[in-house]
Structure formats: structure tokens, C-alpha cells
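Please open the structure in a viewer and keep the selection panel at hand.

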Amino acid sequence: MIPTLDEAACVAEAVGSVIGPGIEVIVVDGGSRDGTPRLAREAGARVLASERGRARQLRLGGERSSADAVLFLHADTRLEQDWAERVRSVLADPACAGGAFAFRLAERGAWARTMEWAVALRVALLGLPYGDQAIFLRRSVLEQMGGVPIVPIMEDLDLVAGIKRAGRLARLDSAATTSARRYAARGRLRVVVQHAVALAAWHLGCERARLAEWMGR
């Protein structure tokens with residue numbers, strides 16, 4: 001499941017990186033004006049039109065999917081070639097409700113390694129991977145949750161919380177490699193601070209609409 005909004009530069013590659021036998025690739029577009037839907041179809045994806053908003057897009061995709069398991073992938077994130085086998089392997093354990101991949105930045109260097117270490121620490125201590133780690137879960141768990149929660153921001157952590165209520169959250173060592181474009185566009189320090197504040201706000205149950213506005217979402 002790939003939510004998109006003006007992702008013409010990367011959507012075809014995203015679809016091509018995960019499409020294969022037994023894999024249903026759904027792109028849920030939130031109103032792109034750059035040809036994203038056409039490019040996604042040409043790459044082999046099923047394309048759905050949705051209201052703008054990542055949570056709404058993911059929810060629609062989850063409702064329209066026919067698969068036993070659903071994986072949510074950002075358009076600028078790439079998985080390793082054997083990703084499907086790894087997902088099937090961990091879900092072979094009935095106690096496993098879902099999981100996520102290891103965080104990796106496409107750009108290399110000391111800063112990237114520091115960010116990867118920080119994310120690994122967060123996941124190890126709190127058990128909270130983010131959406132750029134390609135969260136996946138059983139369809140039965142998603143249905144038990146009532147679908148992807150319609151919230152202005154941090155729907156990925158709601159998904160993780162739902163997975164953990166239903167069973168074990170698998171932490172794969174295989175990487176989900178994502179672009180650092182958001183850090184470049186908004187500033188590294190600003191993004192790191194915003195993520196830290198958002199995580200604390202999520203734990204405290206703060207109003208998300210105001211949080212989303214502050215974060216420019």
C-alpha cells in the first residue's frame with residue numbers, strides 16, 4: 001500500500017521495487033497533479049483516488065485490499081529484494097501480529113549513521129517504529145482495529161499500538177531505506193525536534209490537529 005501526493009519522481013520505482021507474484025500493489029493517491037496516478041498504473045499498480053491525508057489514504061487502501069497481510073510503504077522508501085519472504089516468515093508465527101523493517105537512510109555519512117542509531121534505540125527501548133520503516137500487519141488485526149485510524153498525524157504509531165495489543169511486533173533486521181529529502185527540505189535539526197515533540201505529544205494524548213498544524217502537515 002503506497003500513499004501518494006505528487007510523487008511522480010519516485011512512484012514508478014517504488015511500485016517496481018515491490019511488485020511480484022502474489023503481491024498486490026495499491027497506490028492510493030490524494031489528488032496529485034504531476035501524473036503520479038498514470039505512472040503508478042504504468043508500473044503495474046492498482047490506483048485508487050482518495051481525499052488528501054495519509055491516514056485516509058491508508059484506510060481506503062486497507063479496505064480495498066484483498067490480501068491476508070498489508071504493508072504500508074512510503075513512496076520514497078525501498079525494501080530489500082527478499083522483503084516478501086521475510087514478511088511471510090515472521091507472520092508464519094501465529095503469535096506475530098505484524099512488524100516493521102530496520103530504518104536506513106539512502107544518503108550516507110556520519111549524520112545518517114547517527115540518525116539510524118537513534119531510531120534503532122527508539123525501537124529497542126519503546127518498541128515504536130515509524131511509517132518510514134514499512135509497517136506491516138495481518139488483515140485480521142487491521143480489521144480488529146477498525147481500519148487505519150483517521151487522525152491528522154501519527155497514524156503510524158496508532159497502527160503499531162494496535163499491532164502490539166493483538167500480538168507480537170516483529171522487528172526485522174532487513175532495511176527499509178528511505179530518502180533524506182524531508183531533512184534537506186525542512187532542516188535536519190528542525191525535523192529531529194519535531195519528531196521528538198510529536199512522540200511525546202502522542203504519549204500524552206495531546207490534540208493532534210494542533211500538532212499537525214505546528215508540523216506543517
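Begin by selecting Val191, Gln194, His195, Ala198, Leu199, Ala201 and Trp202, which are the buried residues of helix 9. Buried denotes under 20% relative accessible area, exposed over 50%, and partly exposed in between (1.4 Å probe, protein chains only). Helices (H or I, at least four residues) and strands (E, at least two) are DSSP runs, numbered from the N terminus. The arc is taken over the directions from the helix axis to the C-beta atoms.

The model is predicted: local features need pLDDT of at least 70, side-chain atom pairs count only at pLDDT 80 or more, and totals for chains, interfaces and linings use all residues. Residues are numbered from 1 along each chain as its sequence is written, and side-chain values use heavy atoms, with hydrogens and water left out.

Next, display the cover of the buried residues of helix 9, which includes helix 5, helix 7 (155-166), helix 8 (181-186) and helix 10 (208-214). Turn to the other side of helix 9 to find Leu189 and Leu204 exposed.

**Helix 5**

Now select helix 5, whose 17 residues reach 24 Å from the first C-alpha to the last, close to the 24 Å expected at 1.5 Å a residue. The expected span is 1.5 Å times one less than the number of residues. Within helix 5, highlight the buried residues Ala112, Met115, Glu116, Val119, Arg122 and Val123. They cover an arc of only 120° around the axis, which places them on the same side of helix 5. Their packing partners are strand 6 (96-105), strand 8 (168-178), helix 8 and helix 9.

Which exposed residues does the face of helix 5 turned away from its buried side carry? They are Ala110, Arg113, Trp117 and Leu125. Of these, select Trp117, which counts as exposed because its relative accessibility is 57%. After helix 5 comes Gly127, with a positive phi near 65°.

**Strand 1**

Finally, select Thr4 in strand 1 (residues 2-4). Thr4 has a relative accessible area of 2% and is therefore buried. Leaving aside neighbours within four places in sequence, its contacts (heavy atoms within 4.5 Å) are Val11, Val27, Val28, Asp29, Gly30, Ser32, Thr36, Gln57 and Ala75.
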